[in-house]
Amino acid sequence: MPSSASSIDTVSEGEAISTALVADRLRHLQPLDADDSAVRAVRRTREINLSKVAVAMSDTLAFVLAMGVAWVLTQIRVQGDPVSFAEYALVAVLATPVLVAALASRRLYQARFVTRRSDEFRRLADGLLLTVVGMVMIAFLLKVPVSRTWVVVALVISIPALWFEREVVRQFFRRRRVTGRSTRRVVVVGNNGEAAAVVAMLEADRSLGYEVLAVVDGEVHGAPEDPSQPLDLVARTVNAVRENSATGVVVTATAMDLRTSNRLIRVLTHAGLHVELTSALSDVETSRISVRPLGRYPVLYIEPVLPYGWRPIAKRCFDVVVASTALVLLAVPMAVVAALVKITSPGPVLFRQRRLGRGGEFFEVLKFRSMVPDAEARLIDLRESNEADGPLFKMTDDPRVTRIGRFIRRTSIDELPQLWNVIRGEMSLVGPRPALANEAQDWSPELFNRLRVRPGITGMWQVSGRSDTGFDEYTRLDLYYVDNWSLLVDIGIVLRTIPSVLAARGAR
């Protein structure tokens with residue numbers, strides 16, 4: 001018996017040691033478990049859930065209104081419809097839970113899946129198609145012979161209706177984020193150039209919805225070799241999350257090694273925090289990137305830039321159709337502008353200048369003349385007054401500009417003759433700004449990539465402030481377009497050009 005009791009005591013003592021060891025290891029591995037900051041993060045999640053409910057209610061209201069409009073249009077077309085308004089209303093109301101479920105299945109209530117409008121539109125169309133199918137099934141089960149016209153019109157109307165409603169919601173949350181509300185409180189981990197660039201971007205653009213509370217040095221100081229022990233970086237990140245009640249962490253992948261980032265992400269995600277891992281691909285359009293497994297590593301696949309195939313053909317067709325239509329519609333206003341230029345200043349109506357085109361070939365760009373005839377000769381005397389950085393020349397009160405020239409430059413009317421350059425194939429509606437030969441002498445080798453595409457009347461640089469943006473930003477935007485252009489991007493830039501021109505943003 002004594003030996004038996006002794007063995008029991010030994011087992012109990014061993015279990016106690018094991019329990020203490022396990023508790024200690026778990027405390028190191030999950031230092032945020034049952035932490036007050038985790039509780040606050042949950043509370044924050046509840047606030048986000050309330051926002052999702054509000055968006056779902058907004059979607060439901062837009063959908064029901066679209067169904068009502070569809071019913072009115074159906075009654076105009078279908079005479080003697082045997083189905084009453086109450087029966088149509090019953091089907092529409094019963095379809096609203098199907099709508100919310102369909103949109104939720106397309107992840108339209110998660111902000112990270114609706115950052116790009118094109119993605120949101122595609123998901124919205126898919127969700128509404130499922131909803132209409134569900135609506136037909138509901139009508140069949142209720143034995144309500146709703147008009148097929150109503151079903152088709154309902155789908156056609158609900159897509160733009162919810163798209164408009166979603167755009168209103170987007171702008172509402174954007175204003176809230178700009179004013180410091182509806183933001184994600186984050187800690188950034190990293191100490192290299194990528195981390196600094198990420199922090200600068202998040203602080204400069206509040207509409208992204210991030211509030212940077214702290215930046216943790218990404219270096220590991222005196223990390224133990226024993227993998228069961230906590231890394232110094234993990235401890236410092238956990239302390240920063242605790243002290244600032246952060247709900248998310250942005251980890252710059254290039255700032256640390258694989259083992260460190262894996263352990264850090266494991267600790268943070270098990271605590272329920274939102275973790276985002278950046279990459280060095282700052283100027284690659286996200287639609288060209290997909291994540292796929294390569295063994296046990298998730299890798300980013302980047303679609304190649306294809307200068308051939310149907311896309312360039314579609315772009316050229318778009319250019320010719322829009323430019324031709326614009327020349328026809330604007331023929332009379334352009335004739336009036338030409339007469340005003342001729343009457344108010346001696347010299348030719350059109351200003352012609354040799355510019356660099358695609359592949360480095362020169363062409364003659366056309367503009368309504370907005371300066372005195374000897375403007376280029378007088379440029380040498382004004383070089384010291386240049387207000388732009390890099391090889392560009394910009395001057396707020398350029399004495400060479402004529403009276404009518406100030407107006408047509410501010411409204412960009414002076415560039416309308418370039419529509420003829422587009423038809424001739426020398427330019428595109430959208431592309432990098434056509435550059436002078438002497439500007440190219442100061443380009444970096446990388447910037448010559450802009451000559452891979454046709455120059456454009458408008459482009460990313462123009463809709464981003466034109467003269468108000470620096471040369472570095474001008475370079476980045478041009479190269480971004482060259483690498484990521486598509487017909488949808490071109491259409492978006494053309495649509496954004498209209499308000500930019502009307503507001504005369506950055507025009508000189």
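Select the four strands: they form an open sheet in the order 2-1-3-4, with parallel pairing. Strands here are DSSP runs (E, at least two residues), helices are runs of H or I (at least four), and both are numbered from the N terminus. Two strands pair if DSSP finds at least two bridges between them. This is a predicted model: local features need pLDDT of at least 70, side-chain atom pairs count only at pLDDT 80 or more, and totals for chains, interfaces and linings use all residues. Residues are numbered from 1 along each chain as its sequence is written, and side-chain values use heavy atoms, without hydrogens and water.

Now select strand 3 (residues 248–252). Strand 3 pairs with strand 4 in the parallel sense over five bridges. Pick Val-251: its bridge partner in strand 4 is Leu-277.

Helix 7 (residues 232–244) lies across strand 1 (184–189), strand 2 and strand 3, at about 140 degrees to strand 2. Helix 8 (residues 258–270) lies across strand 1, strand 3 and strand 4, at about 150 degrees to strand 4. Contact means heavy atoms within 4.5 Å. Axes are lines fitted to C-alpha atoms, for helices over the stretch in contact, and angles run from 0 to 180 degrees between N-to-C directions.

Last stop: Val-72, in helix 2 (residues 36–77). Is Val-72 buried or partly exposed? Val-72 is partly exposed, with a relative accessible area of 41%. Buried means under 20%, exposed over 50%, partly exposed in between (1.4 Å probe, protein chains only).
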